[in-house]
Amino acid sequence: MLAKQLFSIAANSGNATRGDAQVQAIRRWVVLTAHEWTLQWRHKDSGLAVLAVALLEIAAFDLSMNRIPRLLAQTGPGILWMGFLFSGTLTVTRAYAHETAEDVMTGLYLAALGQTTQLVAKLTVNFMWLLGSVWLTTWLWVRLFMAPTRFSWAVMDLILSLGVLGLVSVGLLMARVGLLLEGADPFLTVWLMVLDLPVTVAAMGATWALMHGGDVWPWVRGLAVFDLIFLTSTLIFSDYLREV
Amino acid sequence: MMDSALLECQNLSCDMGSRPLWQGVWLSLEPGGLMKVVGPNGAGKSTLLKVLVGLRGFRCGRLMRFGERVSVAAKPDSRVGYLGHASFLYASLTLEENLRLYGRLWGVPHLSRRINAVVEQMGLQWSRYERIQSFSQGMMQRAGLARLELQRPRLWLMDEPFSGLDDQGRNMLRRMIDDARRRGDAVLITAPTFSDDIGDVGQTTVLDRGQLRKRNEG
């Protein structure tokens, strides 16, 4: 449904402003975003992997530590963000998996599709999917293990959004490097996961501070700065990492 | 006459690693022209097409497309259509979805109508809503040709386009090439042998041992 709406927007804008480079770029981004949404909806990689890891965590901690609720409340942010880090990174780094068969990247390149447009479309859709499953997992965790805790969900949404944006930015950079190496190093994802450390630490710190009445904003500001750095790096490097 | 050529190579050379792959290539394709490049495996036919379409750089020489000089790191041109060994289509999407994606990226007008026409022309009506991953080799080749036909380029560069096609598919491809030439497009195809898979060939050239030479004049 969303994909169809995006496609119709793209078609209309294309007719209205032919020749305008900026509008062309936006139109192509809309086309690609709708296309990426279709791919994700069909495979549901990003969302399902994160939810699967989250359910595993919830089940394991519920079975083992449910008698010590204080411990779960204290360690919750760390447990959650480590789960998001692993499952999120593993799914986002496969963002270009559909383009490897039948040399689709070359086809898209010949269709004069810029690497940045494609990357921004992938970033948008992966961000939406990952944020949805991360939000659902956090809500479940809070409901199950931290019921008496009160905090602002608006601030939590901000923290989750910034954290997911950081994970997706770094994940897409890894995916681009992986595409260049054609999967030559299967452990690349694990090695490069260290790049996610600043984002994960800041997101963990912000979530813990929010849940336990600490000062959230230094952590949120740090998270925003890391996001900016990784997002910019990914956008800049993606053009250099083009392989045809 | 040279000014009207859609494609022109002057003394073009290309290396594979540190060794020269082919050198001193001269060729010219005018509107409505057809050229067939024949050569053994590993002669560099596919690389020649990649250089012409802009997927690979060249060492020296001059490459002109549509009367304009093309630099070594040229940007893709939607007037140039390329069919390689892969179909460039998403395996997990249907043929319809793939054609719609490329059509939107190229800005093809009246897209639904064009897709209907192309799918029928390629004889893929029954497979239109099937995922590409379920296609046979011949169907995959037809799907790749459908993508090219949807693009309607002015310069068609096709790497061994007859491979994998049945008799019906070959006839369809011959008609497609004839139609393109009638519209004033130029077509360059490669083939591993001199087999008579295509009728009226304007020029047949042989790429062997790093040199491109003419076989006959049509």
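This is a predicted model: local features need pLDDT of at least 70, side-chain atom pairs count only at pLDDT 80 or more; totals for chains, interfaces and linings use all residues.
## Charges in chain B

## The overall build of chain B

Let us start with the secondary structure. Chain B contains five helices and ten strands. How does the radius of gyration of chain B compare with that of a compact globule of 218 residues? The value for chain B is 17 Å, which agrees with the figure near 17 Å for such a globule.

Of the 218 residues in chain B, 59% count as buried. The accessible surface of this chain comes to about 9500 Å², and 47% of that belongs to carbon and sulfur atoms. Contacts also tell us how the chain folds back on itself: among those in chain B between residues at least 6 apart in sequence, 66% join residues at least 24 apart.

Chain A is built from eleven helices and zero strands. Reading along its sequence, you would follow the pattern α-α-α-α-α-α-α-α-α-α-α.

Chain A has 244 residues, and buried ones make up 47% of them. It exposes about 11600 Å², with carbon and sulfur atoms supplying 69% of that area. Of the contacts in chain A with a separation of 6 or more, 81% are between residues 24 or more positions apart.

## Where the two chains meet

The size of an interface is often given as the accessible area lost when the parts come together. Between chain B and chain A, about 2300 Å² is buried, and carbon and sulfur atoms give 64% of it. Which residues of chain B lose the most area to chain A? They are B:Tyr90, B:Arg104 and B:Leu105, which together account for 32% of what that side buries. In total, the contact takes 24 residues from chain B and 27 residues from chain A.

## Two loop residues with positive phi

Two residues of chain B are worth a visit for their backbone angles. B:His110 is not a glycine, yet its phi is positive, at about 50°. You can find B:His110 in the loop between helix H2 (95–106) and helix H3 (111–121) of chain B. Is B:His110 buried or exposed? Its relative accessible area is 55%, so B:His110 is exposed, as the cut-off for exposed is over 50%.

B:Glu160 is not a glycine either, and its phi is also positive, at about 45°. B:Glu160 belongs to the loop between strand S7 (155–159) and helix H5 (167–182) of chain B. With 18% relative accessibility, B:Glu160 counts as buried, because buried means under 20%.

## A buried residue in a strand

Finally, look at B:Val80, which is found in strand S6 (residues 80–83) of chain B. Its relative accessible area is 4%, so B:Val80 is buried.

What surrounds B:Val80, leaving aside its neighbours within four places in sequence? B:Val80 is in contact with B:Val53, B:Arg65, B:Phe66, B:Gln151, B:Pro153, B:Leu155 and B:Leu157. Take B:Phe66 as one example: B:Val80 and B:Phe66 are 14 residues apart in sequence, and their C-alpha atoms are 9.7 Å apart in space.

Technical notes. Residues are numbered from 1 along each chain as its sequence is written. Chains are lettered from A and ligands numbered from 1 in the order in which they are written. Side-chain values use heavy atoms; hydrogens and water are left out. Helices (H or I, at least four residues) and strands (E, at least two) are DSSP runs, numbered from the N terminus. The radius of gyration is taken over C-alpha atoms; the globule rule is 2.2 Å times the number of residues to the power 0.38. Buried means under 20% relative accessible area, exposed over 50%, partly exposed in between (1.4 Å probe, protein chains only). Contact means heavy atoms within 4.5 Å. Accessible areas come from the Shrake-Rupley method with a 1.4 Å probe; for residues, only the protein chains shown count as cover. Buried area is the accessible area (1.4 Å probe) that two parts lose on being put together, summed over both.
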